[in-house]
Amino acid sequence: MDAQFNGGPNIAMKVPPHQHEATVAFYRDTLKLKELHGNGDKTVGFQFGANRLWIDKVDTVSQAELWLQVVTNNTSDASTRLKEAGAPRCDEIEPLGESFDGFWISNPAGVIHLIDGQ
């Protein structure tokens, strides 16, 4: 079965601690987006149209990064195809857990993508 790809519903913005509070306030107070249940003060989510925008406070970044979710019906084939296309795997950036059917890659511009076998 050939892997098919679709944009996933989750977008993650990884933000350094010194920008986190102001970034959350922008989406909550300025844009007045609906706030979603997050993970304490480390992750705050917002409904972002048909997507969910997660703003994660990350101690190890110095500037904001945007991470995207891509869903596939076949992670094995997806892995092979992406490797052949030159998309580097970067599973070390964030643990997914042994039971998670997916992996991390980077696109040519350095944007991180979660390939998720939903």
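This passage describes the sheet of the model, the helices that pack on it, and the surroundings of Thr43.

The model is predicted, so local features need pLDDT of at least 70 and side-chain atom pairs count only at pLDDT 80 or more, while totals for chains, interfaces and linings use all residues. Residues are numbered from 1 along each chain as its sequence is written, and side-chain values use heavy atoms, with hydrogens and water left out.

An open sheet of mixed pairing is formed by seven strands, in the order S2-S3-S4-S1-S5-S7-S6. Strands (E, at least two residues) and helices (H or I, at least four) are DSSP runs numbered from the N terminus; two strands pair if DSSP finds at least two bridges between them. Strands S2 (35-39) and S6 (102-106) each have a single partner strand, so one side of each lacks a neighbour in the sheet. S6 pairs with S7 (residues 112-116) in the antiparallel sense over five bridges, and Phe103 stands opposite Ile115 in S7.

Helix H1 (residues 17-30) packs on the sheet, touching S1 (5-15), S2, S3 (43-48) and S4 (51-57), and its direction makes about 150° with that of S4. Axes are lines fitted to C-alpha atoms, for helices over the stretch in contact (heavy atoms within 4.5 Å), and angles run from 0 to 180 degrees between N-to-C directions. Helix H2 (residues 75-84) lies across S1, S5 (65-72), S6 and S7, at about 20° to S6.

Within S3, Thr43 has a relative accessible area of 16% and is therefore buried (under 20%; exposed is over 50%, partly exposed in between, 1.4 Å probe, protein chains only). Beyond its neighbours within four places in sequence, Thr43 contacts Gly38, Trp54, Ile55 and Asp56.
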